[in-house]
Amino acid sequence: MAAAITKGSSRKNQDGTFSIRIYVDERKPDGYLGFFGEYGVAPHLIARTGAKQGRVAVRKAAEGSGSVTLRPMKIGDRFVSGIIHHPGHAAHPFMRVALDTTVDAAIAAFRTKVVSVIENRTGFNALAGMDEAA
């Protein structure tokens, strides 16, 4: 799932500060798992049905007021069939927690990278300029 963690480009805010968006990209392999872990999953029904039989038909069949064509599906190493009641699971946030515990190190790393880019492109010693201003 670590490969699915992505960062966006930095952008300047109206107050003069900069921000970077860091997120789990659900389009990458296993990226959708990060979303489920961060926000949790509500209880729901799972069924492999025939064509044009969606979740409403499955819900009605589970309530006893309808029917759907049920086909087998593989969950783990087992084949199952029927309507499965998934209990859901609670959220286990990790992105914000990781930032909160390493915010000082993240700021220092970002500052070092910015200073390095400025020095390499302009030859200006940004740290010396920052220390004199402080």
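Reader: Glu38, buried or exposed?
Author: Buried in this predicted model. Its relative accessibility is 14%, and the cut-off for buried is under 20%, so Glu38 counts as buried.

Reader: Where does Glu38 lie?
Author: Glu38 lies in helix H1, which covers residues 31–39.

Reader: Which backbone atom does the Glu38 side chain reach?
Author: The backbone nitrogen of Phe94, at 2.9 Å.

Reader: And what is Glu38 in contact with, leaving aside neighbours within four places in sequence?
Author: Ala91, His92, Pro93, Phe94, Met95 and Arg96.

Reader: Which residues of H1 are buried?
Author: Gly31, Gly34, Gly37 and Glu38. They are on the same side of H1, because the arc they cover around the axis is only 115°.

Reader: What do the buried residues of H1 pack against?
Author: Two elements: strand S4 (22–24) and helix H3 (95–122).

Reader: Switching to Thr49. Where is that?
Author: In a loop, with strand S5 (44–46) on one side and helix H2 (55–63) on the other.

Reader: Is Thr49 buried or exposed there?
Author: Buried: Thr49 has a relative accessibility of 11%.

Reader: What does the Thr49 side chain reach?
Author: The backbone oxygen of Gln53, at 2.7 Å.

Reader: Which residues is Thr49 in contact with, again leaving aside neighbours within four places?
Author: Val58, Val68, Thr69, Leu70 and Arg71.

Terms used. Residues are numbered from 1 along each chain as its sequence is written. This is a predicted model: local features need pLDDT of at least 70, side-chain atom pairs count only at pLDDT 80 or more; totals for chains, interfaces and linings use all residues. Side-chain values use heavy atoms; hydrogens and water are left out. Helices (H or I, at least four residues) and strands (E, at least two) are DSSP runs, numbered from the N terminus. Buried means under 20% relative accessible area, exposed over 50%, partly exposed in between (1.4 Å probe, protein chains only). A polar contact is a pair of N or O atoms within 3.5 Å; within protein, one must be able to donate a hydrogen and the other to accept it, and residues adjacent in sequence count only if both atoms are side-chain atoms. Contact means heavy atoms within 4.5 Å. The arc is that of the directions from the helix axis to the C-beta atoms.
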